[in-house]
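The following exercises ask the reader to work through a protein structure step by step. Each task is followed by its solution.

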Amino acid sequence: MKLTLKQLFTALGLLAGIFVFSQAQLTSEEIKNFKSNVSSMSKKMTSLQCDFKQTKHLDFMENDVVSSGNLYYKSGSKIRWEYISPFSYYVIFNQEKMFVNDNGKKKQTDLSSSKLLKDLNRVMLGTVSGSGIFDEEKFTISYYKTGNDFLAKMVPTDKNYKKYITQIDLTFDGKSFHLKKMKSTEISLDYTLIEFSNHKKNLNLADEIFSFK
Amino acid sequence: MKTLVRLGLILIFLSSCASYMDSFTEIEKPIEYYTPEFLNGFEENSFKISIEAYGNHFGGILAVKKLDENHFRFAFLNEFGGKMLDFELIEQKLKLHYAIEALNRKAILRLLETDFNLLFHENNPILNAFQAEQFLVLNAEINQKPVYYFLENNRLQKTISTGRNKEKTRLEYRYDSPEFPEVVISHQNFKIKIYLHLLNKN
């Protein structure tokens, strides 16, 4: 069967239409349920271990910059965000302190010394645990159902965030309600996509994982 | 006594006037233009970048793309992917696209401009050539200052930029990767060192 150019464009238009409609905006009742499910998942979670893949897209580069690693969380605001590839780097948040090990170069900082670091810690905790992730004071958030998953589109209203990002898209698993993807788009439309996988919840994670060494 | 002091002063004056290349033996120029071999065929690459500045350590990723001859674009990202700096070098001039407030400082941009010009420069006209120990030394100009390429077996081992006949900036290369060497950029006048290490292609 031969398709004319017009038929091809009509088919493409229909496909685009299906794609657009596959993101159905949630009703206020559905938003309430969704947020309550994320919050309940967060409260039941005492620890989390998962893998992540980070893709940085720069418009001027042909190839994305890809890195990957592991993420550990334990209640009591303990986080270890560790890059394994293409180089070794990890940051640990524990008891109001931040510890960085950049391929053997170590540095410890009090979070109280910087508002930026406090914000970073809060964002990471929100990302990992789901707690306080929907910051409606600093973002206008719209919620969608996309396939089996949920999508929260967060557009910053806070002037400090607006300097760096135009939008953050958070994709949550429709069953477990943990975060699957986080896409942060910059003003230049370059973006960073972090995909989380292999979630293991409520394991007994050793405190040593969060020790500064 | 007076004569001794005068002689001392004259000696100090003469030694300060000594040229950086006094110990070099001038030879016939083997080539008219020079491009470091790691820039031949360079299209784009990502590097781990580490900066040691006055006891502080900063790290991240440097993405580099060649747009044209002596025209490169750079983006400096933190480990989490956040863009800190985005600029081009066009014929040794920096064109800024984006900088976070903390890095949008003339001194920082000037340093990156001069340092990266020394590393990413192609088809540089050679003014003179010398032999110095095991090295073939090619003398050219970058940032309107003399620059010396030290080659051993046709491979660039160090690049030295001078000012008033003294070494100012030194780039040293270690060839762990066949594609692009590990680079250390150090400065004589201030305690800032930059390390670049090629990241594997995804």
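Two strands pair if DSSP finds at least two bridges between them. The model examined here is predicted.

**Exercise 1. The sheet of chain A**

Determine the order of the strands in the open sheet of chain A, and identify its edge strands.

Solution. 
Step 1. Chain A contains four helices and twelve strands.
Step 2. An open sheet of twelve strands is found in chain A, in the order 1-8-9-10-11-12-2-3-4-5-6-7, and its pairing is antiparallel.
Step 3. Strand 1 (23-25) and strand 7 (105-110) of chain A are the edge strands, since each pairs on one side only.
Step 4. On average, neighbouring strands of this sheet are turned by 20° against each other, direction ignored.
Step 5. As one pair of the sheet, take strand 10 and strand 11 (residues 179-186) of chain A, which are antiparallel and share seven bridges. Within strand 11 of chain A, Glu186(A) is the bridge partner of Ile165(A).

**Exercise 2. A helix with two faces**

Describe helix 2 of chain A and state which of its residues are buried.

Solution. 
Step 1. Helix 2 of chain A covers residues 28-44, which is 17 residues. From its first C-alpha to its last it reaches 24 Å, close to the 24 Å expected at 1.5 Å a residue.
Step 2. A residue counts as buried if 20 or more other C-beta atoms lie within 10 Å of its own. In helix 2 of chain A, the buried residues are Phe34(A), Val38(A) and Ser42(A).
Step 3. Viewed down the axis of helix 2 of chain A, these buried residues fall within an arc of 75°, so they line one face of the helix. An α-helix has 3.6 residues a turn, so residues three or four places apart point the same way.
Step 4. On the face turned away from the buried side, helix 2 of chain A carries exposed residues, among them Glu29(A), Lys32(A), Asn33(A) and Ser36(A).
Step 5. The cover over the buried residues of helix 2 of chain A includes helix 3 (115-129), strand 8 (139-146), strand 9 (149-156) and strand 10 (165-172) of chain A.

**Exercise 3. A helix across the strands**

At about what angle does helix 3 of chain A run to strand 4 of chain A?

Solution. 
Step 1. Helix 3 of chain A lies across several strands of chain A, including strand 2 (47-57), strand 3 (65-74) and strand 4 (78-85).
Step 2. The angle between helix 3 and strand 4 of chain A is about 85°.

**Exercise 4. Two loops of chain A**

Solution. 
Step 1. Pro86(A) is in the loop between strand 4 and strand 5 of chain A. The peptide bond leading from Ser85(A) to Pro86(A) is cis, with omega near 0°.
Step 2. Gln95(A) is in the loop between strand 5 and strand 6 of chain A. Its phi is near 50°, a positive value in a residue other than glycine.

**Exercise 5. Strands and a loop of chain B**

Which residue is the bridge partner of Val183(B) in strand 15 of chain B?

Solution. 
Step 1. Strand 14 (residues 182-187) of chain B runs antiparallel to strand 15 of chain B, and four bridges join them. A hairpin of four residues connects strand 14 to strand 15 of chain B.
Step 2. The bridge partner of Val183(B) is Leu196(B).
Step 3. Strand 15 (residues 192-198) of chain B also pairs with strand 3 of chain B, in the antiparallel sense and over seven bridges. There, Glu52(B) stands opposite Lys193(B).
Step 4. Asn154(B) lies in the loop between strand 11 (145-152) and strand 12 (155-163) of chain B. Although Asn154(B) is not a glycine, it has a positive phi of about 70°.

**Exercise 6. Where the chains meet**

Which strand of chain B gives the most to the side that touches chain A?

Solution. 
Step 1. In the contact between the chains, 18 residues of chain B meet 20 residues of chain A.
Step 2. Strand 3 (44-53), strand 4 (56-68) and strand 5 (71-77) of chain B each supply at least two residues of this side of chain B.
Step 3. Strand 4 of chain B gives the most, with five residues.
Step 4. By type, the residues on this side of chain B divide into six nonpolar, six polar and six charged.

Terms used
Residues numbered from 1 in each chain as written. Chains lettered and ligands numbered in written order. Predicted model: local features only at pLDDT ≥ 70, side-chain atom pairs only at ≥ 80, totals over all residues. Expected span 1.5 Å × (residues − 1). Buried ≥ 20, exposed ≤ 12 C-beta atoms within 10 Å, placed from the backbone. Arc of directions from axis to C-beta. Contact = placed C-beta atoms within 7 Å. Nonpolar A, V, L, I, M, F, W, Y, C, P; charged D, E, K, R; others polar. Axes fitted to C-alpha atoms, helices over the stretch in contact; angles between N-to-C directions.
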